[in-house]
Amino acid sequence: MAAEATPRINARYLESFTNSTVRILGRVTSLRGESATIDANGSVQLHLNRDSHLTLNNAVEIIGKVHPDLSVKVFQAMDFGPNIDFNAVEAVVDATHRYKDIFYNAD
């Protein structure tokens, strides 16, 4: 059995991946109880789980499911610290979608 693909996306791809599990890397811009907002080439609203330990202004990689309202239910979150090259992150996201046959099934 093959593992489920988790394509790397940013805010502009949310609508294309509704009800799908994705990876998003962004900077934490706000924390409010069990929700947070990250900047991933646009604002993304997150619904955190109990194991999510985010730090304001740090980069975080989220694995989660995109809801119809374009918010993301977090399954897993990994803090990447404050020193991330977001130009490199965007290059990886762009390559993921330019060569989608390699990274995920677009059907």
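**Questions on Terms and Values**

Student: Why is Tyr-99 called partly exposed?

Tutor: The relative accessibility of Tyr-99 is 46%. Buried means under 20% relative accessible area, exposed means over 50%, and partly exposed lies in between (1.4 Å probe, protein chains only). Tyr-99, at 46%, therefore counts as partly exposed. This is a predicted model, in which local features need pLDDT of at least 70 and side-chain atom pairs count only at pLDDT 80 or more, while totals for chains, interfaces and linings use all residues. Residues are numbered from 1 along each chain as its sequence is written, and side-chain values use heavy atoms, with hydrogens and water left out.

Student: Where does Tyr-99 lie, and which residues form a nonpolar patch with Tyr-99?

Tutor: Tyr-99 is placed in the loop between helix 1 (86–98) and helix 2 (100–103); helices (H or I, at least four residues) and strands (E, at least two) are DSSP runs, numbered from the N terminus. Together with Ile-102 and Phe-103, Tyr-99 forms a surface patch of about 350 Å² of accessible area.

Student: How do you know that Thr-37 is buried?

Tutor: Thr-37 has a relative accessible area of 7%, so Thr-37 is classed as buried. Beyond residues up to four places away in sequence, Thr-37 touches several residues, including Arg-27, Thr-29 and Val-44; contact here means heavy atoms within 4.5 Å.

Student: What makes the pair Glu-61 and Arg-8 a salt bridge?

Tutor: A salt bridge is a side-chain nitrogen of Lys or Arg within 4 Å of a carboxyl oxygen of Asp or Glu. The N to O distance between Glu-61 and Arg-8 is 2.5 Å, and their side chains meet in a salt bridge. Glu-61 lies in strand 5 and Arg-8 in strand 1, so the pair ties together parts that are 53 residues apart in sequence. Glu-61 is buried, at 10%, whereas Arg-8 is partly exposed, at 31%.

Student: How many salt bridges does a search of the whole structure find, and which residues are linked in a network?

Tutor: The search finds 3 salt bridges. Glu-61 also meets Arg-23 at 3.5 Å, N to O, a pair that joins strand 5 to strand 2 across 38 residues. Arg-8, Arg-23 and Glu-61 are accordingly described as a network of salt bridges. Another salt bridge has 2.6 Å between the closest N and O atoms of Asp-94 and Arg-12. Asp-94 lies in helix 1 and Arg-12 in the loop between strand 1 and strand 2, so parts 82 residues apart in sequence are tied together.

Student: Why is Asn-19 called exposed, while Asn-41 is called partly exposed?

Tutor: Asn-19 has 51% relative accessibility, and so counts as exposed. Asn-41 has a relative accessible area of 48%, and is therefore partly exposed. Asn-19 has a positive phi of about 65°, and the phi of Asn-41 is near 60°, also positive. Most residues other than glycine have a negative phi.

Student: How do you know that Tyr-104 is buried?

Tutor: Tyr-104 has a relative accessible area of 12%, so Tyr-104 is classed as buried. Tyr-104 is found in the segment after helix 2. The C-alpha atoms of Tyr-104 and Pro-7 are separated by 6.2 Å, although these residues are 97 residues apart along the chain.

Methods:
Patch = residues over 30% accessible without salt bridge, like charges linked within 9 Å, V, L, I, M, F, W, Y side chains within 5 Å. Areas by Shrake-Rupley, 256 points an atom, 1.4 Å probe, with all protein chains shown as cover.
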